[in-house]
There are 2 protein chains.
Amino acid sequence: MTIYKAPLADQRFALFDLLGAEAILTKLQGGAEHGRDLLDAVLEEAGKLAEQVLAPTNASGDAEGCHYDKATHAVTTPKGFKEAFKAFAEGGWAGLTAQEKFGGQALPGVLGTATTELFQSGNLSWSLYPLLSEGACHAMELHGTEAQQHTYLKPIVEGRWTGTMCLTEPQAGSDLGLLKTRAEPNADGSYAISGTKIFISAGEHDLAENIVHLVLARLPDAPAGSRGISMFIVPKFKANADGSPGERNKAYAGAIEHKMGIKGSATCVMNFDGAEGYLIGQPHKGLAAMFTMMNAARLSVGVQGLALAERAYQNSLNYARERLQGRALSGAKLPEKPADNLLVQPDVRRMLLTQRAFVEGSRALLLYTALQTDIEARGADEAQRRQASELVAFLIPIAKGVVTELAQECTKEALQVYGGHGYIGENGMEQFVRDARIITLYEGTTGIQAADLLGRKILQLQGVGAKHFLGEIGAFCKAHAGDAALRTLIGPLAAAAKEWSELTSALAQRVQANPEELGAAAVDYLWYSGYVTLAYFWARSVAAAEAGSQSAAFKQAKRDTAAFYFARILPRILTHKAAIEAGVATLPDIA
Amino acid sequence: MTIYKAPLADQRFALFDLLGAEAILTKLQGGAEHGRDLLDAVLEEAGKLAEQVLAPTNASGDAEGCHYDKATHAVTTPKGFKEAFKAFAEGGWAGLTAQEKFGGQALPGVLGTATTELFQSGNLSWSLYPLLSEGACHAMELHGTEAQQHTYLKPIVEGRWTGTMCLTEPQAGSDLGLLKTRAEPNADGSYAISGTKIFISAGEHDLAENIVHLVLARLPDAPAGSRGISMFIVPKFKANADGSPGERNKAYAGAIEHKMGIKGSATCVMNFDGAEGYLIGQPHKGLAAMFTMMNAARLSVGVQGLALAERAYQNSLNYARERLQGRALSGAKLPEKPADNLLVQPDVRRMLLTQRAFVEGSRALLLYTALQTDIEARGADEAQRRQASELVAFLIPIAKGVVTELAQECTKEALQVYGGHGYIGENGMEQFVRDARIITLYEGTTGIQAADLLGRKILQLQGVGAKHFLGEIGAFCKAHAGDAALRTLIGPLAAAAKEWSELTSALAQRVQANPEELGAAAVDYLWYSGYVTLAYFWARSVAAAEAGSQSAAFKQAKRDTAAFYFARILPRILTHKAAIEAGVATLPDIA
């Protein structure tokens, strides 16, 4: 069994010391009450739910998995999932950040991100059920009619129903333009939806009384490709006039997938067999509507990387403390014991510091990005909102693409600390590796994130977000140029930021000459961007720790981890620079 | 289901074109008949067994796993494993490289390595049963009496029995000095062995009529620590006078582990409850005896990395060819189809070329190392044998440590090419990732390999093996300095080799001043060494391809992959150099 303790001290450090969230949030529209005390109290409660209700269902949920009944098309989730969802709904967590008019609490998005981390650490599989609902809610908030919001959004916010996003089809994954699901108009203004969707998380389950599917499909007059896609609300049970679930709709799970991990999450094949659906938003504009919720979904998947890495790290640190094996190279450190613990081995510390650097650095990046979404939504003026929006657009592919990849390394190293014991199911470490393996794939693979960053956010949008961010790094370096605590960090950070900017310009020119250069450089450019971004947040962490009121040990740990990151991790940009510059000629055709 | 085709063309290229194995092997003692035709024919047959008998049991064996019966302590292996083992035994594969006097065929070790690759690609779990036997055979060849060899070694060589190596105990993993299993002398000269061993591969199964356990234990007068360990033969069934299995010994499997992967391999808890055992080799010298077979075992685990990566690569290449999704950045390449295939994406080619570079480079390294073991054993003169032995000692931790780590990256990228489909069990890619995760752990973790390389092979042994190897690289660079085909490779290779040598000297001095520096640098030094080593074999591959008689496409693929490796992979040494030089100060104590 694995341990889990909500990392509230580090969350608070990141939110309040590093990011100054209180000062920012309380100045936003409707944010007067979003002070530290309120946020603290919410985090505390979320931590309890994660530790006490969710964490104990993680391993058992993996072992039990979901079960599908062919005869009834019903899906049974693992033991404890229903109770956990009930506690979640009753605690008001389903509507934490939703607007008050829909029954939500309208709390800041950054708080939602922080609590989502805790729930996902507790049980990633379980957390996918409410997560998918969130995406559906976003879409209905933005594109639904008032009646649609009343009927389909409110019950989700209240934690009675859940939602899904039905995009992928067997022949249409990364390329949604290939999708074939059809929507034929009915006489009453509704549509008959027909087609098969795959990889539908939470497509069917027993946690809630109804499920609202948001389905991408083509109208009869739709143009081919991605400009001919519309979005439809397709409820599992059609709503009665009083809002209660009524007649069963023809939207059935046809199977659930047997996956490497997240076994407690029902990944469904959904068959729509003339199911009744209702157009949401404009005809043929479904893909754009779907993309409006993509940022939130991608940020949450980045948070999944953090959440898994955090819990894996806690356990590997604990194991390294307790496991007695071998002796320190310079002589016994625990001579009274039969052997020293693993912490005396520098290489074990390397593995632990790697995890810590990625976990805490990623947390700062993700919370920063989430805070920008709050500014984007409720900033005092238009200029502030626009800048935040551009920063979010720029940072999302980094937050999703890099953090999910780093989680692969973190969970791998966490397992490695255990030696052979890490490979045994009952020790729980291998589940983190299996669960983590999905996050570089769904909500856009790493290659898709990289193409989004370089192709869209840098080249198409002229890198406005990057300019803001680089400007911020430059201002930080300038402000702390004389700061003794940051003496060894500011120089390398400023140099890396400058090189990042130069690489970007050079790449833009090369891509103009040959668009294939984009694909040849994108993933290495994503990595480069990620490592410099984390370096920035580690330098900020040291600055914040200097000014903060934490314990001396807490501050020393921040300084140590920053020094480790700059000495041993940041130099990875050297390799990625070489790869970026190598160009498409080094990726010749393969027959 | 995954495909598998034995990569005979590349094996032959590596053996005969790149390594010149025929000229070397036929000059060794007893090697007159080990010409190309014989080796070719054996590879061909091994390929058939791997493709037709083993490969079809891989996914089904994973799904079914092994079953343990508490009442009888019996282990049932998955369907098809017994039949495969019968075919293996009948084909004479169990004795392929064993001496003729024990019933073996005395074929070269390098041929054993090449065929082992094929069998492990076919089914890694299955291949662990004969693999463990090999280790036990080695130990008995070197340390057993004639009578012990006759009774316990011959039946294994004949494929009727199998063997195990029983080292690990719950409190003694990497640190065998902590082990507690006791051996009390019986009146008849045998010993009563008592204790519990864990992680015993092939400890119990239904493939053979008897199992010979080689068990490390302490005699009553044994000194504490690693100098008080002796080795014992403990058969599952005691041998009758006629050699047939007789009375059941008190050596029982107490459980099998539920693991992340290699589910068809029975990993047993073995309880020795006063089991009858026979001392093999000198008292208290068991650990040294065990280490004599470590090289072979570690080389074979390196080959497991190659084997898994090869099969994963074949499938991801195949998928990238067939999956239609998206369009090329510079316009449709397959306009007649609904979409282009994945091969038009430069980033997909990057993932494929990464795999190919590691697979084929690792194959050359592993076969080179295996060839040195043949020279070590049967070289014409003492000087040649000693040099080969020193090369083997130096290369084993690289071959095991680096190739198993590269296999993590290869299997991860192979899965990534599939997108979300890679996460689904039935597509088979996730099994490769799960199976691969054990190989950086058993037979010494990566940290142990790194400490062996830097601590023992470089520092204790004054780097004699490294000197031979660097000398060889230097000679190669000199010989090909004017070679147009290698124009862009020789410079970087020579520079990297020089830097490797300088880093080694600088490290040696730092470790002398502070032994903790060893642990702080070892894993990054291992990586550095591995990447330069593969660069050498890629340069040799291009040279061999120029001179060879393969197709133009085959040669072009070698040139392309070498160019890719030098441009995009070799620069990883920049990062590892920075980490090596960062020193132990960047890995401070963790409380």
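Mentor: A salt bridge is a side-chain nitrogen of Lys or Arg within 4 Å of a carboxyl oxygen of Asp or Glu. This is a predicted model, in which local features need pLDDT of at least 70 and side-chain atom pairs count only at pLDDT 80 or more, while totals for chains, interfaces and linings use all residues. Side-chain values use heavy atoms, without hydrogens and water; residues are numbered from 1 along each chain as its sequence is written, and chains are lettered from A, with ligands numbered from 1, in the order in which they are written.

Trainee: How many salt bridges does the rule find across the interface of chain B and chain A?

Mentor: The rule finds four there. A:Lys412 pairs with B:Glu405, with the closest N and O atoms 2.8 Å apart.

Trainee: What is the area buried between chain B and chain A?

Mentor: The size of an interface is often given as the accessible area lost when the parts come together. Buried area here is that loss (1.4 Å probe), summed over both parts. For chain B and chain A, about 6800 Å² is buried, and carbon and sulfur atoms give 60% of that area. On the chain B side, B:Tyr423, B:Arg568 and B:Ile590 lose the most area to chain A, together 13% of what that side buries.

Trainee: How many residues does each chain bring to the contact?

Mentor: With contact taken as heavy atoms within 4.5 Å, chain B and chain A bring 85 residues each.

Key
Buried area = accessible area lost by both parts, 1.4 Å probe.
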